Structure formats: structure tokens, C-alpha cells
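Open the model in your viewer and follow the stops below. Each stop gives a selection and says what is there.

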Amino acid sequence: MLRRLIKRRWLVVLLGAATTLVVVLGMLWRSAIKRNRSVPDEPFRIAGNLYYVGPTGVTAFLLTGPEGHVLIDGGYPETAPLIMASIAKLGFDIKDVKVLLNSEPHPDHGGGLTVLQQASGAQLWASDASADSLASGGDDPDGVLPLRALIWIGVLGYPPPRVDHRFKDGDTIRVGPIALTAHVTGGHTRGCTSWSFSVRDGDRMLNVVSACDLGVLATSRYPEQGADRERSIRVLRGLPADIWVTCHARWWGRYRKFVASTTAKNPVDPFIDPEGYRAFIDAAEAELRQGRVH
Ligand SMILES: [Zn+2]
């Protein structure tokens with residue numbers, strides 16, 4: 001009897017220690033994220049009515065139009081004020097942002113949407129799977145339990161935005177002359193969404209693809225993930241892309257292209273990179289074949 005009691009007490013102590021460790025690691029991780037990925041950056045025009053308004057790490061893109069603007073991704077909760085400052089610096093008004101879009105609902109891209117929605121009054125559109133995750137403040141139902149627990153207790157999650165509309169794969173979202181086609185390219189998360197649209201540069205029209213993350217996290221797995229990734233790679237390969245971007249700035253060479261654009265004869269030209277787009281997809285396919293996860 002006594003031995004069983006002692007055993008139980010040890011179990012409680014161990015469980016308590018493990019929980020504390022998970023919480024402390026979560027908090028350290030969160031503050032590292034805050035330090036490293038929310039450094040403000042100069043906003044700039046990529047091409048036509050497409051602007052970069054994100055910080056140095058996680059991206060945000062503004063598409064402007066006469067009847068209102070579209071903003072893709074909100075970064076972390078603490079990124080949102082930086083995005084708003086960038087929009088103002090370019091001479092645009094956050095209140096003219098009518099539509100908010102999201103690539104995927106993890107805290108690095110969905111976290112700032114609530115603040116941005118409150119400041120703009122914009123309507124948030126999301127794919128079915130992303131909508132549920134966004135509306136729960138970043139809970140990924142395919143996430144591992146310790147991560148989900150950190151979201152439930154408020155260490156990793158974010159204040160949930162209001163999802164106003166759900167779209168299906170292939171739907172087009174419009175604000176005046178702006179039209180973006182949604183491609184549900186699952187794999188990183190089930191509802192991961194890529195966007196295709198066109199921008200005008202002088203007398204040429206350029207095809208733009210905002211590709212969702214194609215990598216897989218060890219902390220977020222689901223049974224149909226392999227099939228989803230195969231399909232996503234096929235879908236993205238089929239999209240014409242003169243300009244391409246994705247949700248982490250380094251992956252599409254934001255800084256390198258921006259620096260090149262400051263001295264280029266036509267500042268748009270350094271952003272034209274169909275080879276880089278193909279290389280991004282090739283790398284994702286190689287990861288899939290090798291079974292690599294992050
Ligand atoms: Zn993610």
C-alpha cells in the first residue's frame with residue numbers, strides 16, 4: 001500500500017516536471033520567435049499594385065485597388081502593427097483593406113489577423129480546414145498533443161479572428177478589379193492555400209503565384225498528407241508564374257531581389273523568377289520522395 005502511494009507520488013512529480021518543462025520551452029520558443037522574426041523592414045513595390053508589407057521573416061503582401069485592397073497573411077500577433085506601419089508608409093490606409101487572406105493558420109501567418117481585422121474592418125476569407133483552425137486561435141487538429149496543449153493554455157495560440165467567408169478550391173475572390181484564385185494545396189496543413197493572380201507592369205501582364213508552404217512538420221501529420229502533397233506539387237507546377245512569393249521571405253529571395261531591384265533598369269525585372277519557382281517546387285518534391293520532415 002505504502003509502496004504504491006510512493007510510486008503514485010513520484011508519477012505526479014514527474015508529470016508536473018514534464019508539464020513545467022514543456023511550458024518553459026514553449027515560452028522560450030515564443031520569445032525567440034518574437035526576437036528573430038518580427039524585425040521591421042522597409043515596405044516596397046514588387047510589381048504593379050503588389051507590395052511587400054511584411055517584416056524581415058514572415059511575409060505579408062498588399063494588393064491595392066480603387067475599390068479596396070487585399071492583404072495576404074498577418075504574421076504573428078506582434079507582427080500586425082509592423083504590417084500596419086508598412087501600409088501607412090506606402091501611403092495606403094489600413095481601413096481600405098477590404099479582404100484578408102491567409103496561406104495557413106499556424107501562429108506565424110494567422111496570428112496577426114485579428115488585430116488587422118479589428119483595425120481595417122476587413123472580411124476574412126479562408127478554406128474550410130483553415131477556417132476551423134483560424135477560428136480556434138491557431139489550434140491545428142493534426143498537431144502533436146504538447147503543441148496543442150500550449151495553444152489551449154494560451155502560450156502559442158492567438159486571439160481568434162472572425163472568419164466571414166469560406167471558399168472552395170478554385171474559387172475566385174474579387175475586390176473591384178482585383179481577382180485572386182484560391183488553390184487549396186494541402187500538405188503543410190490540410191487547408192494550406194496558394195493564390196494566383198495577375199498584375200500589370202506597363203503594357204505587360206505578369207502572372208503571380210503566392211505558394212503555400214510545401215514542407216511537412218514532424219509536429220503536424222495526418223493520414224492523407226502524402227496524397228495532398230503529391231497533388232499540391234502537381235497543381236503548383238501547372239500554374240504559370242512570372243513572379244512567385246511564399247510565406248517566409250528568405251525562401252523566395254525577398255532581400256536579394258529587393259536589392260537588385262533598386263539598381264535595375266526596370267525594378268520589376270529582378271522579381272521575375274520562373275526558374276526560382278520551379279526550383280522551390282523541385283525541392284519540395286525531393287523532400288517528399290526522401291521522406292524528409294522539418
Ligand atoms: Zn506552418
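## A salt-bridge network

Select Glu230, Arg237, Asp282, Glu285 and Arg289: salt bridges link them in a network. The model is a predicted one.

Zoom in on Arg237 and Asp282. They form a salt bridge, with the closest N and O atoms 2.9 Å apart. Asp282 belongs to helix 9 and Arg237 to helix 7 (residues 225–237), so this pair ties together parts 45 residues apart in sequence. Asp282 is partly exposed, at 40% relative accessible area. Arg237 is partly exposed too, at 37%.

Glu285 counts as partly exposed, at 22% relative accessibility.

## A second pair

Select Asp128 and Arg166. Their side chains meet in a salt bridge, 3.3 Å from N to O. Asp128 sits in helix 5 (residues 128–135) and Arg166 in strand 7 (residues 165–167), so the pair ties together parts 38 residues apart in sequence. Both are partly exposed: Asp128 at 30% relative accessibility, Arg166 at 47%. The salt bridges in the model come to 18.

## The cores

Next, select Ile46, Leu180, Trp195 and Phe197. In the largest nonpolar core, of 42 residues, these touch the most other members. Helix 9 (residues 274–290) gives the most to this core, with five residues. A separate core has 20 residues, including Leu124, Ala126, Leu134 and Tyr158.

Finish at Ile46. Beyond its neighbours within four places in sequence, what is Ile46 in contact with? Its contacts are Tyr51, Tyr52, Phe61, Ile243, Val245, Trp252, Val268 and Phe271.

Terms used
Residues numbered from 1 in each chain as written. Predicted model: local features only at pLDDT ≥ 70, side-chain atom pairs only at ≥ 80, totals over all residues. Heavy atoms only, no water. Core = buried A, V, L, I, M, F, W, Y, C linked by side-chain atoms within 4.5 Å. Buried < 20%, exposed > 50% of the residue type's maximum accessible area, 1.4 Å probe, protein only. Helix = DSSP H or I, 4+ residues; strand = E, 2+ residues; numbered from the N terminus. Contact = heavy atoms within 4.5 Å. Salt bridge = Lys/Arg side-chain N within 4 Å of Asp/Glu carboxyl O.
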